[in-house]
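Here are a few notes from going through the model you sent over. Have it open while you read.

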Amino acid sequence: MHPAFSVIFFTTLSGAGYGLMAWLGALALLQHAGLRGAPQLPSFALGAGLLASLALVSIGLLSSTAHLGKPLRAWRAFSQWRTSWLSREGVMALLTYAPALALLGWLLALDPQRALPPAWPALAGAALAVCALLTVACTAMIYASLPPIPAWRHPLVVPVYLAFALLSGAALLAALPASFAGGRVAAWAVLALAPLTALLKWRYWRAIDRDRLPVTRGEAIGLPARAPSVFERPHTQDNYLTREMGYVLARKHAAKLRAIALALFAGLPLALAALALALPAATAPLMAAAALSVLAGALVERWLFFAQARHLVTLYY
């Protein structure tokens, strides 16, 4: 598949934003549910995190419209939520704004008389965490629900998307100012999630390298199963299918890019998180570098996700 950079930026930035929202929502829930020993996150850090996550999500959603033929008609995608994962993603993306803005409003003391119940921030945090993760799952299901692209139909696609969202969100959380207690928890999360994400992605890459396409060229053009030979192209010039679904990436280049991606989203953040835990005073700058590394690695990984996905229509061409 031809890698569309608008979609790559969208899935990377919005995934990081929703991952950060999920962590912030979970911390707000634990902090205001009266649990002893819950990690404490200052209100300033929670507000800064909500603003950062909203900015990332909004920028990502806006960048996704650049891939549309007619961006002004994007609103029509919301009407097909019964059958389309793309529409469900749009609906969930809008729903997620509600608990995020509600929690942000509570932090900004928009309820000076405290008319809202004391459990309000805990409820808003729980709703935020659930909605954010469901939005990421819907994004992954857009690809995982497509039978013509076996590499996207793999059962690890959704877990990998969720792992990247939680990993990048944890790194961003640890980089927030004045989030010392929450930052150390997030650094531990990066320490655990980086190798887990690398393992899931490595198993996915190994599976798509090993698995063959479920149909043959003969079946694609309606001839016997014995492989026919191609002596001329079916068209005299490129068309939409050959441009969008006939992208070829050399195996040696793919191997290099995979190594770069693993080093950026797993190796370097793992080392930086361990260093941040050893040097608490330098947690924020070290984890900021880790967050940038995770995002850069996710961009490379997402580019490979498209470039190595072979559409069955290429058998015909």
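1. For the helix packing, a word on terms: axes are lines fitted to C-alpha atoms, for helices over the stretch in contact, and angles run from 0 to 180 degrees between N-to-C directions. Bear in mind that this is a predicted model. Helix 4 (residues 120–144) packs against helix 5 (residues 157–174) at about 140 degrees, and their axes are 9 Å apart. That makes the two helices oblique to each other, and helix 4 passes helix 5 in a right-handed crossing.

2. On to the charges: the model has three salt bridges. In one of them, Glu301 meets Lys201 at 2.6 Å, N to O.

3. Shared partners put Lys201, Glu301 and Arg302 into one network.

4. Asp209 bridges to Arg258, with the closest N and O atoms 2.7 Å apart. Here helix 6 is linked to helix 9 (residues 251–278), across 49 residues. Asp209 is partly exposed at 39%, while Arg258 counts as buried at 13%.

5. Out on the surface, Trp75, Phe78 and Leu94 form a nonpolar patch with about 340 Å² of accessible area together. Leu94 sits in helix 3 (residues 85–107) and is exposed because its relative accessible area is 52%, and the cut-off is over 50%.

Key:
Residues are numbered from 1 along each chain as its sequence is written. This is a predicted model: local features need pLDDT of at least 70, side-chain atom pairs count only at pLDDT 80 or more; totals for chains, interfaces and linings use all residues. Side-chain values use heavy atoms; hydrogens and water are left out. Patches are made of residues with over 30% relative accessible area and no salt bridge: like charges are joined within 9 Å, nonpolar side chains (Val, Leu, Ile, Met, Phe, Trp, Tyr) within 5 Å. Accessible areas come from the Shrake-Rupley method with a 1.4 Å probe; for residues, only the protein chains shown count as cover. A salt bridge is a side-chain nitrogen of Lys or Arg within 4 Å of a carboxyl oxygen of Asp or Glu. Helices (H or I, at least four residues) and strands (E, at least two) are DSSP runs, numbered from the N terminus. Buried means under 20% relative accessible area, exposed over 50%, partly exposed in between (1.4 Å probe, protein chains only). Angles under 35 degrees count as roughly parallel, over 145 as roughly antiparallel, 65 to 115 as roughly perpendicular and the rest as oblique. A crossing is left-handed if the near helix is turned anticlockwise from the far one by less than a right angle, and right-handed if clockwise.
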